[in-house]
Amino acid sequence: AMQPHVDQRRRYGEVNESMPIWMGEVTCTGRERALSECRFGGWDKATCRHQDDVGVKCMPPLDTSVRLIGLTRPDQGRVEVYYSGQWGTVCDDLWSIKAAQVVCRQLGFAGGAVAFVTNAYFGMGKGRIWMDDVQCRGTEARLQQCKFSGRG
């Protein structure tokens with residue numbers, strides 16, 4: 001397992017001194033599902049200054065064989081899969097909310113999918129269409145475990 005470390009030199013953007021510091025004296029066990037579940041000194045009761053603001057760098061998902069492209073948001077975009085050394089797209093034939101659920105879970109979005117779109121809504125991809133006629137039960141851990149007709 002990768003050991004966490006503190007990097008005092010890294011900078012994560014400009015500080016807006018007028019922003020409130022909502023949390024201070026935060027203590028977490030590591031099992032919380034949200035930062036607000038950790039113990040802390042109370043909302044808007046922090047005694048520190050902005051020079052003490054924290055930042056995080058998250059580990060990328062373990063499975064990097066699927067990605068979402070087309071927006072700057074990591075939770076939306078055109079579905080692409082990595083196969084045979086290159087990225088390709090997924091055809092929307094037979095695509096369903098169940099397939100979208102699998103993709104979201106595979107990417108680490110535990111809440112799953114709330115919607116899906118078709119007809120190149122996030123822009124047309126380039127290169128190969130790696131998966132067509134994708135049919136998922138919704139319980140698969142990876143999109144590649146769903147039934148599909150072939151690689152383009």
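Predicted model: local features only at pLDDT ≥ 70, side-chain atom pairs only at ≥ 80, totals over all residues.
Cys48, with a relative accessible area of 31%, is partly exposed.

Now for the bonded cysteines. The structure holds two disulfides, and counted along the chain, the bonded cysteines follow the pattern 1-2, 3-4. One of the disulfides is formed by Cys28 and Cys38, whose sulfur atoms are 2.0 Å apart. This pair links distant parts of the chain, 10 residues apart, with both Cys28 and Cys38 in the segment before S1. The torsion about their S-S bond is about 110°, so this disulfide is right-handed.

With 105° about the S-S bond, the link of Cys136 and Cys146 is right-handed. Cys136 is buried, and Cys146 is buried too.

## Salt bridges around Glu80

There are four salt bridges in the structure. One of them joins Arg67 and Glu80, with 2.8 Å between the closest N and O atoms. That pair links distant parts of the chain: Arg67 belongs to strand S1 (residues 66–69) and Glu80 to strand S2 (residues 78–83), 13 residues apart. Arg67 is partly exposed, at 28% relative accessible area, while Glu80 is buried at 5%.

Glu80 also meets Arg78 in a salt bridge, 2.9 Å from N to O. Here Arg78 and Glu80 are both buried. Through shared partners, salt bridges join Arg67, Arg78 and Glu80 into one network. Arg67 has another contact to look for in the model: its charged end sits over the ring of Trp87, 4.0 Å from the ring's centre.

Asp75 and Arg73 make a salt bridge as well, their closest N and O atoms being 2.8 Å apart. Asp75 is partly exposed, with a relative accessible area of 32%, and Arg73 is partly exposed with 43%.

## Inside the nonpolar core

The largest nonpolar core has 19 residues, and Val79, Val90, Trp95, Val103, Val134 and Leu143 are the members that touch the most others. The elements giving two or more residues to this core are S1, S2, helix H1 (97–106) and S4. H1 supplies the largest share, five residues.

Leaving out residues up to four places away in sequence, Val79 touches Val66, Arg67, Leu68, Gly88, Thr89, Val90, Trp95, Val103 and Leu143.

## Helix H1 and its cover

Which residues of H1 are buried? They are Ala99, Ala100, Val102, Val103, Cys104 and Gln106. The cover over the buried residues of H1 includes S1 and S2. Follow the chain just past the end of H1 and you reach Gly108, which takes a positive phi of about 95°.

## Aromatic pairs

The aromatic side chains form four pairs. In one of them, the rings of Tyr83 and Trp130 have their centres 5.0 Å apart and their planes at 70°, so the pair is edge-to-face. Tyr83 lies in strand S2 and Trp130 in strand S4, so the pair ties together parts that are 47 residues apart in sequence. Tyr83 is partly exposed, at 35% relative accessible area, whereas Trp130 is buried at 4%.

Tyr121 and Phe122 form an edge-to-face aromatic pair too, 5.0 Å centre to centre and with 85° between the planes. Tyr121 is exposed, with a relative accessible area of 59%.

Methods. Residues numbered from 1 in each chain as written. Heavy atoms only, no water. Salt bridge = Lys/Arg side-chain N within 4 Å of Asp/Glu carboxyl O. Helix = DSSP H or I, 4+ residues; strand = E, 2+ residues; numbered from the N terminus. Buried < 20%, exposed > 50% of the residue type's maximum accessible area, 1.4 Å probe, protein only. Disulfide = S-S within 2.5 Å. Core = buried A, V, L, I, M, F, W, Y, C linked by side-chain atoms within 4.5 Å. Contact = heavy atoms within 4.5 Å. Phe/Tyr/Trp six-rings, centres within 6.5 Å; stacked < 30°, edge-to-face > 60°. Lys NZ or Arg CZ within 6 Å of the ring centre and 35° of its normal.
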